[in-house]
Amino acid sequence: NIIDTPGHVDFTIEVERALRVLDGAILVLCGVAGVQSQSITVDRQMRRYNVPRLAFVNKLDREGASPDAVIEALRSKLRLNAAPMQVPIGLSKDHEGVVDLV
């Protein structure tokens with residue numbers, strides 16, 4: 001089963017309720033904005049309930065996208081052992097796809 005919860009601060013309680021019953025989660029992050037304050041809040045909630053997680057970086061086709069900066073923010077702000085499983089072929093308007101590393 002998949003439970004999709006909004007990342008907006010207005011839905012913090014709904015996210016908390018969903019995390020109580022999850023076996024795992026995918027933390028979706030913007031390739032431009034990266035780790036934001038609500039990302040930190042949701043990560044804190046995931047830690048509270050010991051929810052294993054993957055991080056997915058989307059919007060790599062947008063101007064200013066930087067998956068490397070997002071990975072670094074995952075390491076520094078969330079203290080996660082983040083490593084890419086894919087690398088993009090081009091960024092922004094030159095984005096053509098990804099290469100699987102695994």
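Reader: Is Val-102 buried or exposed in this model?
Author: The model is predicted, and in it Val-102 is found in the segment that comes after β4, the strand of residues 97-100. Because its relative accessible area is 80%, and the cut-off for that class is over 50%, Val-102 counts as exposed.

Reader: Which strands each supply at least two residues of the nonpolar patch?
Author: The patch on the surface has about 950 Å² of accessible area together, and its members include Val-102, Leu-101 and Val-99 as well as Ile-26, Phe-56 and Val-87. The strands that each supply at least two of its residues are β1 (25-30), β2 (53-58) and β3 (86-89).

Reader: What covers the buried residues of helix α2?
Author: Helix α2 runs through residues 37-48 and reaches 17 Å from its first C-alpha to its last, which is close to the 16 Å expected at 1.5 Å a residue. Its buried residues are Gln-38, Ser-39, Thr-41, Val-42, Asp-43, Gln-45 and Met-46. What covers them includes α1 (12-19), β1 and β2.

Reader: Which residue with a positive phi follows α2?
Author: Beyond the helix, whose residues are 37-48, the chain has a residue with phi near 55°, and that residue is Asn-50.

Methods:
Residues are numbered from 1 along each chain as its sequence is written. This is a predicted model: local features need pLDDT of at least 70, side-chain atom pairs count only at pLDDT 80 or more; totals for chains, interfaces and linings use all residues. Side-chain values use heavy atoms; hydrogens and water are left out. Patches are made of residues with over 30% relative accessible area and no salt bridge: like charges are joined within 9 Å, nonpolar side chains (Val, Leu, Ile, Met, Phe, Trp, Tyr) within 5 Å. Accessible areas come from the Shrake-Rupley method with a 1.4 Å probe; for residues, only the protein chains shown count as cover. A salt bridge is a side-chain nitrogen of Lys or Arg within 4 Å of a carboxyl oxygen of Asp or Glu. Helices (H or I, at least four residues) and strands (E, at least two) are DSSP runs, numbered from the N terminus. Buried means under 20% relative accessible area, exposed over 50%, partly exposed in between (1.4 Å probe, protein chains only). The expected span of a helix is 1.5 Å times one less than its number of residues. Contact means heavy atoms within 4.5 Å.
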